[in-house]
Amino acid sequence: MRNPSLHRFATRPGFYFTEDGGADVIVRSETADQVWLSVIESLDDPTAFYQDAIRLFDTPGVSFVDQIHEFPVCMRLREDLYVRETLFRMEGPNYGLWYVHLPKAWSGMRYGFRVDGAWDPRHGVRFNPYKLLLDPYAKGIDGKMELSPAAFSYECEIKDNRVNGSAFGAMSTVDSLGHMPISVAIDDRDERKHDDDPEHPHIPWSKTVIYELHVKGFTAQAPWLPEELRGTYAGLAHPTTLAYLQGLGVTSIELLPIQAKQNEVFLQERGRVNYWGYNTLGFFAPEPSYATKAAQEQGAEAVRDEVIHMVRALHEAGFEVIMDVVYNHSCEGGIEGPTVCWRGLDALSYYRRQKNNIGRLEDTTGCGNTFDFTNTHVVTFAIDSLRYWAKRIGIDGFRFDLGVSLARLNGEFTQHHPFLYALRADLLLGNLKLIMEPWDLGNLGWRTGQFSLPFAEWNDRFRDTARQFWLTDVAGGGRIGRIGMQEMATRLCGSADLFATDPGRGAASSINFVSCHDGFTLTDLTRYQNKHNEANGENNNDGSNVNNSANFGVEGRTDDMTIIARRERAAMNMLGTLLLSLGTPMMLAGDEYGNSQSGNNNAYCQDSPISYLKWDWLYSSEKTWHMHRLETVSKLIALRKSLDLYHQEGFFTRLTQLGLLKPSSRIQWFLPNGTTPMERDWFDLGQRSFVMQLLDASETDVLIVINGVPEDKQFRLPADNAWTPAWCSAESTGHLPGHGLKVRDIRLGGQQSIWTHSLPEDSPIHELVERMQSEPSTKRTHDLIDAFDADMRALAKAEAEAQARQRAEAEAAADTDAQRNADTEAATADGVEGVEDELDTDPVVLPLTDDENGSDADAAAQESAPEPPDENVWTFPALSISLMKQLS
């Protein structure tokens, strides 16, 4: 069976079809005694290896494992499974690789490996030839693991749906064939099959808006799709789905993992599943369950084709496709976990081990094992997999789950890790979008900002700052909190404190987000003070307890219009902060219209309506708050993309490294009275209102105006331009910045939704909404959600009443505190004097108080001050963020 040409593949494992109708098969196992390639065929078909294989028969006292050692090629029948297994003894090890040439091979062939060697669990060696193993390089996978003793390399039993046995006990002699997934070969020799693929969009970072979604969850309940396409790759590629995404305006679709996955043992024991997919079974194969039933029935190649067609459709619609990948651990879990692939092939080489106990695995992932990226072959394996997805499937970028675990040398993180250099240096991968999740569970695992070029990183500091400023600080009164002007301004202008680490590395490396798959949705951040994960079956002990959320007085849904108005304003404040900040924004799918998971902040095991996006709001024949938010977000994204002011801020130079900081020439800051902030203002936690001006020599300047206090507030805007409102978070409740001393009220009721009326009649969404609203069930569905989908005019009225009550409470509190009233009068006089003296004095600092009903000097000044003659005085709504554009 020896083939001299085999050694040309000596550095790359895999399944390679050859011109003689066969295949060269190579697998890595540095410490095995013997490896066999196993080919599985149905008994209904004649075998392709009849002349080569010696048939084995059951012999009392002799196991089939003992028999397969005798012959180069042998065959056994498993009539209980109705399959035939042909085993080819492989040659090796040659530099750790084992080889065999198959005389015949075909696309769709089902195969695996059996590996024999030492059984010494206390030294980390667990070879067991009774276990059929996946090919780590398999491009297709069929079947799934059963919770059975056959899945484990050690002797165990399943009792009361629980695994009982010791991982350090005797070796299992239960054959795993028929109880485990199996590899499927796919013929990739047609080098011209992708000639007609659309060009990759290659959207510049400066225009990128990322949209994170789950392939199944996004369309599982989509009413525009026929049942057979819901929750599938084909459903995401459907024209109406693409039209919706285009209408929203995002540029890059980030998919939760679509590599083949397997449910953790503890989930199987509880009858649950890993819905998110962060438990990888195959790093080359797509997850079959997201394919249509028709594709699944046709086999692994049809599943992969559906994925390729999805990526092509997204490219043709103008979207990039970014894939979430999990190379930090495998689905095999800790040493008590199943033996599926890597553990059975070469556990010592693939997994990191505890320094003082080699029989135990190092775990910086919380999943039981951690791949050893100090091993060159593990790095090569990951690079080969990523190149395959980029080249063959067409993926435009990758987000690396728990990226710190991929960059640990001798247990400690380093930005100079060989894997990171391998990614940078690769001609294909180095030119894609590469995004790191910059933390893991190991020692000093939080490393935000510490990856170097060309990596972008999820910015958790941005997330926490936006939530605290607009939620928890507001819930505490909104006058003083944990987040002041300095922290908020730092996040708005690209987190230079974290990402100014290399020449050329700037704000674009900061992936700004407020919500993601892991945690509360944006709407749930404003509805729930505490997590509600009871449905997960872990007594609400799973998921983070630190969410920086606020329920505004009621836990969960409510029909109180005042609370609904406050929640919607808070949500729009966070979205506005996200989409107006320097950096690369990432939105969670469904946040644009208010999707909720009913307070579940860890829906990883919820393959259910809890996780699926809800589209019932499309049934309404009137403009609901869902539609209003959707339009507002779409408008905000369009405004961002129309401005060429983002991500060009060169805030890092070699001088920065030397400590020679220079002020930006592109950004200016102002207090409400029009003066430049003094040093004390930056560190004053009560200073929650300010202006950020973005300057551009060739374009329209813009202002981002933050009013973080619970009263309308007057701002003197820069006098070098005339300004007009382009967007304001208070639009959600009927308010806009007003020129002069009052905010401007706008009429929301009766507006026509662009999604139901303004799109062309041939638009798929127009047709979708018309079809849904004409269905007999429409009125019934709309009645069910009436309490939640209140009229916008009621929201505006409730907001106005709430502000009136706040002003009355402030006045009453001021009347009962004589000393505070005197201080207020003095501060008011200082403020008016400052305006009359053309703002020559120091900026006014608000009195700091922990009493949320305390008086506000600025509010009093606004009540009593005469109308200023300055045309650049504007009044901005309470608790709002606004975008002001320069009038040309």
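Guide: Buried means under 20% relative accessible area. Asp-188, at 8%, is therefore buried. Keep in mind that this model is predicted.

Visitor: How many residues does the protein chain have, and what share counts as buried?

Guide: The chain has 888 residues, and 62% of them count as buried. It exposes about 34300 Å², with carbon and sulfur atoms supplying 49% of that area.

Visitor: Which residue forms a salt bridge with Asp-188?

Guide: The cut-off is a side-chain nitrogen of Lys or Arg within 4 Å of a carboxyl oxygen of Asp or Glu. Here the partner is Lys-139, with the closest N and O atoms 3.2 Å apart.

Visitor: What elements hold Lys-635 and Glu-731?

Guide: Lys-635 is in helix H16, while Glu-731 is in the loop between strands E34 and E35. Their side chains meet in a salt bridge at 3.7 Å, N to O. The pair spans 96 residues. Glu-731 is buried at 10%, whereas Lys-635 is partly exposed at 36%.

Visitor: Are Arg-110 and Asp-142 buried or partly exposed?

Guide: Both are partly exposed: Arg-110 at 29%, Asp-142 at 36%. They form a salt bridge, with the closest N and O atoms 3.5 Å apart. That bridge links strand E9 to strand E12.

Visitor: How many salt bridges does the structure hold, and which residues are linked in a network?

Guide: There are 34 salt bridges. The network links Arg-76, Arg-78, Asp-80, Glu-85, Arg-114 and Asp-175.

Terms used
Residues are numbered from 1 along each chain as its sequence is written. This is a predicted model: local features need pLDDT of at least 70, side-chain atom pairs count only at pLDDT 80 or more; totals for chains, interfaces and linings use all residues. Side-chain values use heavy atoms; hydrogens and water are left out. Buried means under 20% relative accessible area, exposed over 50%, partly exposed in between (1.4 Å probe, protein chains only). Accessible areas come from the Shrake-Rupley method with a 1.4 Å probe; for residues, only the protein chains shown count as cover. Helices (H or I, at least four residues) and strands (E, at least two) are DSSP runs, numbered from the N terminus.
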